[in-house]
Amino acid sequence: MGYNKKAYIQTREIFKNREERAREDAFMRKCEVEAAVPEIREINKSLASAGAEIAIELARGKENIEQRINALRDKNLALQERRTALLTENGYPADYLKPKFRCDKCQDTGFVGIDMCECFHREVIENTIRNSGIGALVDKQSFESFDLKYYSQDARCLNMMKNVYETLKEYAEKFTLNRNSVLMLGATGLGKTHLSTAIAKTVIELGYDVVYDTTQNILGDFEYERFGRGYNTDTEEKKTDKYFDCDLLIMDDLGTELSNNFTVSCLYNLINTRINKHLPTIISSNLTHKELKDRYEERITSRLMGEFVIMPFAGTDIRQQKMQ
Ligand SMILES: [Zn+2]
């Protein structure tokens, strides 16, 4: 399990800038105040040398050390109080010189000691969702907004979809890397994309790296790479690496892509490599079992039928129901 690498790096960068910005703003306020109130500049100077004064006291021996350190501390506290009073007298807020962090717990560094701060975790998740491909779908298509009433025309269908919904919800909420791969089969408009998005969001929120896209776009990236466009250096990460490496790959709409020998062999390689690496994949398709067999080579369909848990979707096109 790992955060999405790109999202993690982006977030580190955002936090670094945010922390620098907070300190820079505080520095500018300090300069502003010192220019306006010279006594504060003197106080700041004294306070800045407090550490050195303590070191001097310590070096002078142990005699009365506690008393001498306490005297220094009292002097510094008095200076700080005087500074706060001066700020207020001159019309500044009492905390005007303190850096304004968005998160006081980690002071915008993203870490408390060696532990990741909750605020950093949240932002990595948000950036992962943004990078995952689910983008704008994420708010509309959740487990909560999935409505079983659209399947209630007949009891068998409702039962079946209730089972699909509960199985996939449990799959997402208890996701681990060695979970099964899933093949969602069923006609268009039965909620396959909705549940795929809901799974992606839930699994990302658990801290896993999820990539979601249509099969057409995914295979398009392989074709793009085949012709070597866009890659100038050997070190540049390949666009398709993420499909092999992510914790969960969700491929929407298998069967709508333009297929040729090259894309079919990429598809096989991708599915097979992920199975061998014990990384789960979720594939959805409007094709029937027979249509899949007719369209793809035996080596692909035998992987799909043998290694994937098949989830059949039933019902009447929800988009059409909503229009009526
Ligand atoms: Zn924080």
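Biologist: So two strands count as a pair if DSSP finds at least two bridges between them; which residue of S6 is then the bridge partner of Met184?

Modeller: In this predicted model, the bridge partner of Met184 in S6 is Ser284. The two strands involved are S3, residues 181-185, and S6, residues 281-285, which pair in the parallel sense over four bridges.

Biologist: OK, and what is the order of the strands in the sheet they belong to?

Modeller: The order is S4-S5-S6-S3-S7, which makes an open sheet of five strands with parallel pairing. Strand S4 (210-214) and strand S7 (308-312) are the edge strands, because each of them pairs on one side only.

Biologist: How far are neighbouring strands turned against each other?

Modeller: On average, and with direction ignored, neighbouring strands of this sheet are turned by 15° against each other.

Biologist: Which strands of the sheet does H8 touch?

Modeller: Helix H8, residues 192-205, packs on the sheet and touches S3, S4, S5 (248-254) and S6, and its direction makes about 160° with that of S4.

Biologist: Now the helices. How do H5 and H8 pack, in angle and axis distance?

Modeller: Helix H5, which covers residues 118-132, packs with H8 at an angle of about 150°, and their axes are 9 Å apart. Angles over 145 degrees count as roughly antiparallel, and H5 and H8 are therefore roughly antiparallel to each other. Their crossing is right-handed.

Biologist: Which residues meet there?

Modeller: From H5 there are His121, Ile125, Thr128, Ile129 and Ser132, and they meet Lys201, Ile204 and Glu205 of H8. Sorted by class, the contact of H5 with H8 has three nonpolar, three polar and two charged residues.

Terms used:
Residues numbered from 1 in each chain as written. Predicted model: local features only at pLDDT ≥ 70, side-chain atom pairs only at ≥ 80, totals over all residues. Heavy atoms only, no water. Axes fitted to C-alpha atoms, helices over the stretch in contact; angles between N-to-C directions. Contact = heavy atoms within 4.5 Å. Parallel < 35°, antiparallel > 145°, perpendicular 65-115°, else oblique. Left-handed = near helix turned anticlockwise from the far one by under 90°. Nonpolar A, V, L, I, M, F, W, Y, C, P; charged D, E, K, R; others polar.
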